[in-house]
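Colleague: I would like to go through this model and ask what stands behind the words used for it. Please set each value against its cut-off before you conclude.

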Amino acid sequence: MLQSSVRHRKVSDIYCRVDSTSCLKLTRAVRNRCKKYEHLGSDVDHSQPLFTTELPKFEGWAPAWSPSQSAPAAESAQRINVESGLDLSPPSVPKTSFSDAREHALEQCYITHPGSLTCSSASVTCDERSGTIMLSLKASVRSTEGKKANRLELEELGWLALKLAAEERAAALNQQMILPCEHDERHRQVLNMLKNGVVLDATKSVNSFGHVSYVVTLEDQVSKQRCQALFKPAIEGDGEGWHRVPIEAAAYHLNLLLGMDCVPPAVFRSACDVDWQHFDRGGAFIYWCSAATGLSKVPPREWGCHPDVMLSDTRILDVLIQNSDRHEGHFMWAEHWAKGAYKAGRVSHDAWRGRMHPILIDQAAGFRPEAFVSLEHENAFGSGPTNTISSKTYMRLRFLDLPAVTAALGEYISPEEIRSLLRRKDEILHHFDTLVGTKGYHQVVLE
Ligand SMILES: Nc1ncnc2c1ncn2[C@@H]1O[C@H](COP(=O)(O)OP(=O)(O)O)[C@@H](O)[C@H]1O
Ligand SMILES: [Mg+2]
C-alpha cells in the first residue's frame with residue numbers, strides 16, 4: 001500500500017511526516033527536525049500518525065536470528081522485519097513513501113529472550129482541535145524453537161518490551177528537546193574546536209588568588225574555524241574546591257540537559273601544552289565570549305529573555321551543582337556561542353558573531369563539599385528566594401535522571417556527587433510542585 005504523494009526522510013531516528021500544517025505546535029522537536037523537508041510535500045492524511053520511530057534495540061541477550069539459522073547467531077542484536085518475511089532489516093532510510101515506511105518501520109521484532117520473539121510497534125497521533133496527543137505502543141510475543149508457549153511468561157516479556165521501549169522513546173525525545181537543531185550543530189563545532197583545536201596564541205593573566213589562566217586562540221585544523229577560549233589549568237587540591245576546573249565542563253553539560261544554554265561551552269583536556277608550557281594535570285578550555293560586560297550594567301528589559309527566568313534558571317543550576325560563587329561578576333552580557341551567525345571574514349576565515357545574551361561564567365567552585373546553596377537564598381540581583389520556574393526548566397528537571405546525568409557528567413564528577421545532585425533535583429521538583437499546589441500554576445510557572 002503505497003502513498004507516493006506523501007514523502008518522508010529519516011532524520012536521526014525519526015521518520016518525519018512532511019506536513020507543515022498538522023499538529024506541529026505540539027511536537028516542537030519534531031517540527032525542528034522536519035522543517036527542512038517541508039517543501040517536499042503537504043498532501044497528508046491527518047488521521048495517519050504524525051511520525052513513527054523505530055523501536056530501540058534491546059540490550060543484553062538479543063542476538064540476530066533469521067529463519068535460515070536454527071539458533072541465534074552470536075552477533076550483536078539486529079532488527080528483524082516481519083513484514084518482509086523475517087529478513088534482517090537494516091536500520092536504514094526506507095526508500096519508498098511514508099506510509100510504506102510506516103509498515104516497515106513500525107513493527108520491529110527482537111529476540112529479547114531465547115525461545116521467544118517479541119515484536120513491538122509505536123505510533124503518535126494528535127488531535128489539533130483538542131490539543132491532545134495519543135501514544136500507542138503495542139507488543140506481541142510468541143514462542144519459537146518449538147518451545148511450548150507459557151502464557152504468563154510471554155506476557156511478562158511483552159510488558160518488559162513495552163517498558164523498555166517507552167523509556168527509550170522518552171529519553172530520545174528528551175534529548176531532542178534540549179537544543180534546536182541549528183544550535184546543536186554549532187555546539188558540536190565549538191566543542192570540537194575546544195577539544196581538538198590547535199593553540200595559536202595565548203595571553204596569560206593571574207587572578208587575586210594567584211590562579212593562572214590564559215586567553216587562547218584555537219583553530220580547527222580541518223575547517224580552519226577559530227574561536228577564543230579561556231584556558232584554566234587544573235591545580236593541585238583544586239584551590240580547596242574553589243578552583244576545580246573540570247566542573248566548568250560539568251556545569252555546561254548540565255545546563256544543556258536543562259535546556260538553558262547560558263553556560264559557555266567547556267571541555268577538559270588532560271595533558272596539554274599552552275604558551276610553550278606543558279600542563280600535565282590538564283585544564284579546562286572555556287569558550288571565550290566576545291564583547292563581554294557585566295550583566296548588572298544592562299537593564300533587565302534588554303536581556304532578551306524574561307529576567308525572572310534567567311535568575312530562576314541560574315539559581316536552580318547553582319543549587320544542583322552547589323555553586324556558592326555566583327556573585328554579580330559572574331553574570332555577564334556577551335556574544336552567545338550558538339545564537340548568532342557566521343559573517344564573511346575579510347581575511348582568511350569567517351567570523352562568528354553571536355547575539356548579545358546573558359551568560360554565566362566561572363562554575364569552578366561547584367560541588368565544593370562545604371557549600372550550601374538553596375532556593376531560599378537571596379541572589380546577586382536582590383530578587384529574593386526562587387519561587388518561580390520556567391516551564392521549560394520544570395519539564396527538563398523531570399527528565400533529569402541517573403542515565404542522563406551519568407552519560408553527560410560522569411567523567412567530571414563522582415557517582416556519589418551524581419546521586420546527591422539527583423537528590424537535590426528531587427527536592428527542587430518537590431519545592432515547585434508544592435508551590436503550584438498552594439499558589440496555583442500561573443503564580444509559579446513562567447511560560
Ligand atoms: N567565557 C568567558 N567569556 C568572556 N569573558 C570571560 C569568560 N569567562 C571569564 N571571563 C572573564 O575573565 C574573568 C575571570 O574569569 P573567571 O572564570 O571568573 O576566573 P577566575 O575567577 O578563576 O579568575 C571574568 O571576570 C571575566 O571578565
Ligand atoms: Mg571568578
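Modeller: This is a predicted model. Start with helix H4, residues 181–196, which lies across S10, S11, S12 and strand S15 (283–287) and runs at about 25° to S12. Helix H5, residues 246–257, packs on the sheet too, touching S11, S12 and S15, and its direction makes about 145° with that of S12.

Colleague: What makes H5 a helix that is "touching" S11, S12 and S15?

Modeller: Two residues are in contact if their C-beta atoms, placed from the backbone, lie within 7 Å. H5 is listed with S11, S12 and S15 on that basis.

Colleague: Which strands make up that sheet, and in what order?

Modeller: The order is S9-S10-S11-S15-S12, five strands in an open sheet with antiparallel pairing. Its edge strands are S9 (198–206) and S12 (266–269), each pairing on one side only. From one strand to the next, the twist averages 25°.

Colleague: How do you know that S9 and S10 pair?

Modeller: Pairing takes at least two bridges between the strands. S9 and S10 have eight, in the antiparallel sense, so by that cut-off they pair. Aspartate 201, for one, stands opposite threonine 217 in S10. The hairpin of S9 and S10 has five residues between the strands, and there glycine 210 takes a positive phi near 85°.

Colleague: What joins S10 to S11?

Modeller: S10 (residues 212–219) and S11 (residues 226–233) pair over six antiparallel bridges. Threonine 217 stands opposite glutamine 228 in S11, and glutamate 219 has arginine 226 as its bridge partner. In the hairpin of S10 and S11, with six residues between the strands, lysine 224 takes a positive phi near 65°.

Colleague: How many bridges join S15 to S11, and how many to S12?

Modeller: Five bridges join S11 to S15, running antiparallel, and four join S12 and S15, also in the antiparallel sense. Isoleucine 286 of S15 is the bridge partner of leucine 230 and of alanine 266.

Colleague: Why is S15 called mostly covered?

Modeller: A residue counts as buried if 20 or more other C-beta atoms lie within 10 Å of its own. Five of the five residues of S15 are buried, so the strand is described as mostly covered. For the chain of 447 residues, 33% count as buried.

Colleague: Is glycine 329 buried, exposed or partly exposed, and what makes it so?

Modeller: It has 13 C-beta neighbours inside 10 Å. Buried takes 20 or more, and exposed takes 12 or fewer, so glycine 329 counts as partly exposed. This glycine lies in the loop between helix H6 (307–321) and S17. Threonine 293 is 36 residues apart from glycine 329 in sequence and 9.1 Å apart in space, C-alpha to C-alpha.

Colleague: Why are S16 and S18 said to stand at the edges?

Modeller: They belong to an open sheet of three strands, in the order S16-S17-S18, with antiparallel pairing. S16 (293–294) and S18 (351–360) each have a single partner strand, so one side of each is left without a neighbour in the sheet.

Colleague: How do you know that S16 and S17 pair?

Modeller: Two bridges join S16 to S17 (residues 331–343), and they run antiparallel. The cut-off is at least two, so the pair qualifies. Glycine 294 has methionine 332 in S17 as its bridge partner.

Colleague: Which residues come nearest to ligand 1, and what is the shell around ligand 1 by class?

Modeller: Of the 15 residues around ligand 1, Asn207, Cys289, Ala292, Ile361 and Asp362 come nearest. The shell has ten nonpolar, four polar and one charged residues.

Colleague: How confident is the predictor in the chain?

Modeller: The mean pLDDT is 80, and 75% of the residues reach 70 or more. Over residues 1–105 the pLDDT is below 50, although this stretch has 180 contacts in the model beyond near neighbours in sequence. Where pLDDT is low, the predicted coordinates should not be read in detail.

Colleague: What does the chain hold overall?

Modeller: The chain has ten helices and 20 strands. Among contacts between residues at least 6 apart in sequence, 63% join residues at least 24 apart.

Methods: Residues are numbered from 1 along each chain as its sequence is written. Chains are lettered from A and ligands numbered from 1 in the order in which they are written. This is a predicted model: local features need pLDDT of at least 70, side-chain atom pairs count only at pLDDT 80 or more; totals for chains, interfaces and linings use all residues. pLDDT is the predictor's confidence in each residue, from 0 to 100. A residue is near a molecule or strand if its C-beta atom, placed from the backbone, lies within 6 Å of it. Ala, Val, Leu, Ile, Met, Phe, Trp, Tyr, Cys and Pro count as nonpolar, Asp, Glu, Lys and Arg as charged, and the others, Gly among them, as polar. Axes are lines fitted to C-alpha atoms, for helices over the stretch in contact, and angles run from 0 to 180 degrees between N-to-C directions.
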